[in-house]
Amino acid sequence: MTTQQPIEVTCPQCHCTVAVPPLSHRQKAKCPRCQHTLFVYYKAQYERLCALAISGLIFLFLALPFNFLSFKAAGQSRTIHLADGISVMLELDAYTLAIVTTIATLVLPGLVLCGFIVLSIARLIRHKSDFIARVHRMVNIMLPWSMAEVFLVGTLVSLIKITEQADLSIGLSFYAFVLFTMCTSACSLFYNSNDYLFWLNSYFPKPKPITPQSAAFSIQRTWALLLTAALLYIPANTYPIMRTEVFGSEESNTILGGVIRLWESGSYPVAIIILVASVFIPILKIFIIGWLTYTLNRDTTGTNETRMKYYRFTAYIGRWSMVDVFVVAILVSLLQTGNTLSVYPGAAALAFCAVVLLTMLAGMTFDSRLIWLSGKKIHD
């Protein structure tokens, strides 16, 4: 925030009006009511954002044409590019897995970086327009679904799993993808959505006030998404998430079965990561969002700060449950050598993917402003 005069802004999470003074390098402005970070100021933050976004796009393009991973097992070898992995999943009729992986790890991160470039240049040349406002809106919509860093963690987990059965080597595209992920993550340090929101304030409609009808609709929609996710969580953990064929012998693994196998093989850190990301986090998120929605009908204003912390916690951790989905995508793409060694997605992969996406949507549809209203006010 480069203005030299205090500006009056409305916190998007609790709707509290705050007068924000000028900020110095590395200073933050937080809402005094809900502690939401309104602004973070860095020197040359728009120049840094633009440079990182351009670098990220370059590394993304470099990650596509070269070898990503290759392995050798039982006298056979296989090398994949990122595009090859998608085509393998399509050939195996794993259309949903292919589409989700492509969109979440390549398409959306690339579009977000393009949006960062447009927004940073607009700030540098001080150009406001309805187009810039639409770009800002689309970037904010795409950001939660951009999962390049989650895919990278899933790839590392896959490498540890594969080393039990084959010799692995890493290609140039893998290093390019790591740099692309680093640039994408660094962009989030210099991108402050509220900065653009208040700068483009005249191009956005004012937030609609909370009415009993809108509150009821938000609560009902959140409950519907949570209940659907809870029902899908059952087949996601009871059906196999992937099938492995080794010399004609087939073995099916559920999520917990895979965790147990990793633990028995001595891969304790990876087993813990999968257990936390694929078992604990979905349950925890369903429970927390359900508890938050339930307490909206109760006069619990004394716990508002605590409830906001839980709300932000669920918004941060939810996407990391996709690690197991991306592990399956990597293994299916790489391990296809006929009867010698092949991996196929199981029925649980689609169900678990739906659980993750539905819990993320439930968190997004939950109106955090309702936390600051008592149960009586919501229904009045």
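The lining of the second largest cavity in this predicted model receives its greatest contribution from helix α2, which supplies 4 residues. At least two residues of this lining come from each of α2 (82-91), α3 (95-124) and α12 (323-334), helices being DSSP runs of H or I of at least four residues, numbered from the N terminus. The second largest cavity holds about 110 Å³ of space; a cavity is a set of points on a 1 Å grid over the protein atoms alone where a 1.4 Å probe fits but cannot get out, and lining residues have an atom within 4 Å of a point. Of its 15 lining residues, L82, I86, T101, F151 and I330 are the closest to the centre. The lining comprises 10 nonpolar, 5 polar and no charged residues (Ala, Val, Leu, Ile, Met, Phe, Trp, Tyr, Cys and Pro count as nonpolar, Asp, Glu, Lys and Arg as charged, and the others, Gly among them, as polar).

Helices α8 (residues 212-238) and α13 (residues 347-365) have axes that come within 8 Å and cross at roughly 160°, the axes being lines fitted to C-alpha atoms over the stretch in contact, with angles from 0 to 180 degrees between N-to-C directions. The two helices, α8 and α13, are therefore roughly antiparallel (angles over 145 degrees). Contacts (heavy atoms within 4.5 Å) involve residues of α8 including L225, L226 and L232, and residues of α13 including F352, V355 and L358. The residues of this contact divide into 15 nonpolar, 5 polar and 1 charged.

Residues are numbered from 1 along each chain as its sequence is written. Local features require pLDDT of at least 70 and side-chain atom pairs pLDDT 80 or more, whereas totals for chains, interfaces and linings use all residues, and side-chain values use heavy atoms, with hydrogens and water left out.

Conventions:
Angles under 35 degrees count as roughly parallel, over 145 as roughly antiparallel, 65 to 115 as roughly perpendicular and the rest as oblique. On a 1 Å grid over the protein atoms alone, a cavity is a set of points where a 1.4 Å probe fits but cannot get out, and a pocket is an open set with protein on both sides within 12 Å along at least five of seven lines; lining residues have an atom within 4 Å of a point. Grid points are joined across faces, edges and corners, and a volume is the space filled by probe spheres set on the points.
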